[in-house]
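Student: I have a structure open and would like to talk it through. Could we begin with a single residue and then move on to the helices?

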Amino acid sequence: MQDALTILRRLRRPRLLIRAARAGLAEYRRDVHLRRTLGGEAPQRCGPALIRLIEIETDLNDARLRKCASYNVARHVEVLVAMMGEAQLLRPAQ
């Protein structure tokens, strides 16, 4: 199984989505945003949180590619911001 950071490095998403997420990254606060993004209690460690975020983002990206009416671009950006934030926290720990 690949680790979460390797999965993130291999992700390819539209430039506009990534730029929007990077813009929101400066305001990312784990204690506030992660609980809302995951829809409940946030894991204490960054690794498990990042894995859950990757799963959510994969579902969102699938909906985007299928052009589903239920796709929410704001939610997708929110999840990408959280993924980037968690990855930043995880990198120094390794």
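Student: In which helix is Leu8 found?
Tutor: Leu8 belongs to helix α1. Please note that this is a predicted model.

Student: Is Leu8 buried or exposed?
Tutor: Leu8 has a relative accessibility of 17%, so it counts as buried, the cut-off being under 20%.

Student: Which residues is Leu8 in contact with, leaving aside neighbours within four places in sequence?
Tutor: Leu8 is then in contact with Leu50, Ile54, Met83 and Ala87.

Student: How confident is the prediction in helix α1?
Tutor: Confidence in the protein chain is lowest there, with a mean pLDDT of 76 for residues 4-10. Helix α2, residues 15-25, has the highest mean, at 93. The chain as a whole averages 87, and 95% of the residues score at least 70.

Student: Changing topic, which residues of helix α3 are buried?
Tutor: In α3, which spans residues 30-38, the buried residues are Leu34, Thr37 and Leu38. Viewed down the helix axis they fall within an arc of 85°, so they line one face of α3.

Student: Why would residues three or four places apart point the same way?
Tutor: An α-helix has 3.6 residues a turn, so such residues point the same way.

Student: At what angle do α3 and α4 pack?
Tutor: They pack at about 40°, with their axes 11 Å apart. This angle makes α3 oblique to α4. The contact involves Arg30, Leu34, Thr37 and Leu38 of α3, together with Cys46, Ala49, Arg52, Leu53 and Ile56 of α4.

Student: What comes just after α3?
Tutor: Gly39 comes there, with a positive phi of about 75°.

Notes
Residues numbered from 1 in each chain as written. Predicted model: local features only at pLDDT ≥ 70, side-chain atom pairs only at ≥ 80, totals over all residues. Heavy atoms only, no water. pLDDT = per-residue confidence, 0-100. Helix = DSSP H or I, 4+ residues; strand = E, 2+ residues; numbered from the N terminus. Buried < 20%, exposed > 50% of the residue type's maximum accessible area, 1.4 Å probe, protein only. Arc of directions from axis to C-beta. Contact = heavy atoms within 4.5 Å. Axes fitted to C-alpha atoms, helices over the stretch in contact; angles between N-to-C directions. Parallel < 35°, antiparallel > 145°, perpendicular 65-115°, else oblique.
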